[in-house]
Amino acid sequence: MLEQIDHRGKRFTIKDDDIGDEQRIERRRREDTLERQAQRELRELERAKTVAGPAGANPDVEVLNR
C-alpha cells in the first residue's frame, strides 16, 4: 500500500494487493507524472504570488493610486 498526496493536496492510497508487475510499473509512472505536475503547479503558483505582490483589502485601488 502506498499513500500519496495529489496536486490538490488530497490524500489517496494505492493498494498493491492483486496487481501484476506491469500494473505496478504503470502506477509508478502515473505517480511520478502526478508528482511532477504538482511540483510544477506549486512553482507556478509561487511565481504568480511573487509577481502579484502583497494583496491588501483593496488591491485595485492601490494600482489606481500609483
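Buried residues have under 20% relative accessible area, exposed residues over 50%, and partly exposed residues fall in between (1.4 Å probe, protein chains only). At 30% relative accessibility, Asp32 therefore counts as partly exposed. The structure is a predicted model, in which local features need pLDDT of at least 70, side-chain atom pairs count only at pLDDT 80 or more, and totals for chains, interfaces and linings use all residues. Residues are numbered from 1 along each chain as its sequence is written, and side-chain values use heavy atoms, with hydrogens and water left out.

The protein chain has 2 helices and 2 strands. Its elements follow the pattern β-β-α-α along the sequence. Helices (H or I, at least four residues) and strands (E, at least two) are DSSP runs, numbered from the N terminus. Confidence is expressed as pLDDT, the predictor's confidence in each residue, from 0 to 100. The chain has a mean pLDDT of 78. A value of 70 or more is reached by 71% of its residues. Among the elements, α1 has the highest mean pLDDT, 89. Helix α2 (residues 59-65) has the lowest, 55.

Of the 66 residues of the protein chain, 9% count as buried. The accessible surface comes to about 6,100 Å². Carbon and sulfur atoms account for 50% of that surface. Accessible areas come from the Shrake-Rupley method with a 1.4 Å probe; for residues, only the protein chains shown count as cover.

Charge pairing was examined next. Side chains of opposite charge can pair when their charged atoms come close. A salt bridge is a side-chain nitrogen of Lys or Arg within 4 Å of a carboxyl oxygen of Asp or Glu. The structure holds 4 salt bridges.

One of them joins Arg24 to Asp21, with the closest N and O atoms 3.3 Å apart. Both residues lie in helix α1, 3 residues apart, about one turn of the helix. Arg24 is partly exposed because its relative accessibility is 33%. Asp21 has a relative accessible area of 57%, so this residue is exposed.

Glu26 and Arg29 meet in another salt bridge, at 3.7 Å from N to O. This pair also lies in helix α1, with a spacing of 3 residues, about one turn. Glu26 is partly exposed at 37%. Arg29, at 52%, counts as exposed.

Asp32 pairs with Arg28, their closest N and O atoms being 3.2 Å apart. The two are 4 residues apart in helix α1, so about one helical turn separates them. Salt bridges that share partners join Arg28, Glu31 and Asp32 into one network. Arg28 is partly exposed, at 44% relative accessibility.

Helix α1 (residues 21-52) also contains Arg40. With a relative accessible area of 42%, Arg40 is partly exposed. Arg36, Arg40, Arg43 and Arg47 gather in a surface patch of positive charge. Patches are made of residues with over 30% relative accessible area and no salt bridge; like charges are joined within 9 Å, and nonpolar side chains (Val, Leu, Ile, Met, Phe, Trp, Tyr) within 5 Å. Lys and Arg count as positive and Asp and Glu as negative, while His and the chain ends are not counted. The place of a charge is taken as NZ of Lys, CZ of Arg, CG of Asp or CD of Glu.

Arg27 is another residue of helix α1. Its relative accessibility of 25% makes Arg27 partly exposed. The C-alpha atoms of Arg27 and Ile14 are separated by 8.6 Å, with the residues 13 apart along the chain.
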